[in-house]
Amino acid sequence: MESHSRKVLMLGTLALPAKRFKAESLFSIEDLRARRGEFEAAEAIRLKKAERARYDEHSLEQPDEVKVDAELIGRHVEVLTATQIPVVDAAGNDSMMYGKKWLPAVINKISDGKDTKL
């Protein structure tokens with residue numbers, strides 16, 4: 001005996017609430033598929049901007065590898081630091097304002113992170 005099969009698209013019928021929901025839908029499936037491409041492109045741009053905003057523009061321009069040795073001692077540098085500034089709002093509530101700021105510094109010691117931890 002030979003078996004036959006075919007794809008069944010839908011079993012049964014839509015319930016009344018499902019029919020109402022489908023009739024009230026603002027977008028068809030084709031519309032949603034078309035908008036998905038637009039959304040994904042916009043989301044990719046947003047994520048790229050958000051990733052770039054995590055870093056200061058000057059820090060992105062720094063070299064990946066820097067020779068760390070005694071020649072650096074005494075050099076004047078700028079260090080990007082996280083800052084916390086206490087603020088009081090108009091209602092008198094205390095809170096903290098967070099940000100990043102470049103601050104001047106002078107290198108006094110070199111630590112290799114293994115043997116000479118500071």
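Predicted model: local features only at pLDDT ≥ 70, side-chain atom pairs only at ≥ 80, totals over all residues.

Next I looked up the secondary structure. The protein chain has three helices and two strands, and from the N terminus on they run α-α-α-β-β. The radius of gyration is 30 Å, well over the 13 Å that the globule rule gives for 118 residues, so the protein chain is more spread out than a compact globule. I also got the spans of the C-alpha trace along its principal axes, and they come to about 90 × 60 × 25 Å.

Then I turned to contacts. Counting contacts with a separation of 6 or more, I found that 45% of them join residues 24 or more positions apart.

The protein chain's accessible surface is about 11,700 Å², and carbon and sulfur atoms make up 56% of it. I counted 20 positive and 20 negative side chains, with the centres of the two sets 8 Å apart.

Where does Q84 lie? I found Q84 in strand β1, which covers residues 76–88. Is Q84 buried or exposed? Its relative accessible area is 53%, and exposed means over 50%, so Q84 is exposed.

Which residues does Q84 touch, leaving out those up to four places away in sequence? I noted M96, M97 and Y98. Y98 sits 14 residues from Q84 along the chain, and the C-alpha atoms of the two are separated by 4.7 Å.

Conventions: Residues numbered from 1 in each chain as written. Heavy atoms only, no water. Helix = DSSP H or I, 4+ residues; strand = E, 2+ residues; numbered from the N terminus. Buried < 20%, exposed > 50% of the residue type's maximum accessible area, 1.4 Å probe, protein only. Contact = heavy atoms within 4.5 Å. Rg over C-alpha atoms; globule rule 2.2 N^0.38 Å. Areas by Shrake-Rupley, 256 points an atom, 1.4 Å probe, with all protein chains shown as cover. Lys, Arg positive; Asp, Glu negative; His and termini not counted. Charge placed at Lys NZ, Arg CZ, Asp CG, Glu CD.
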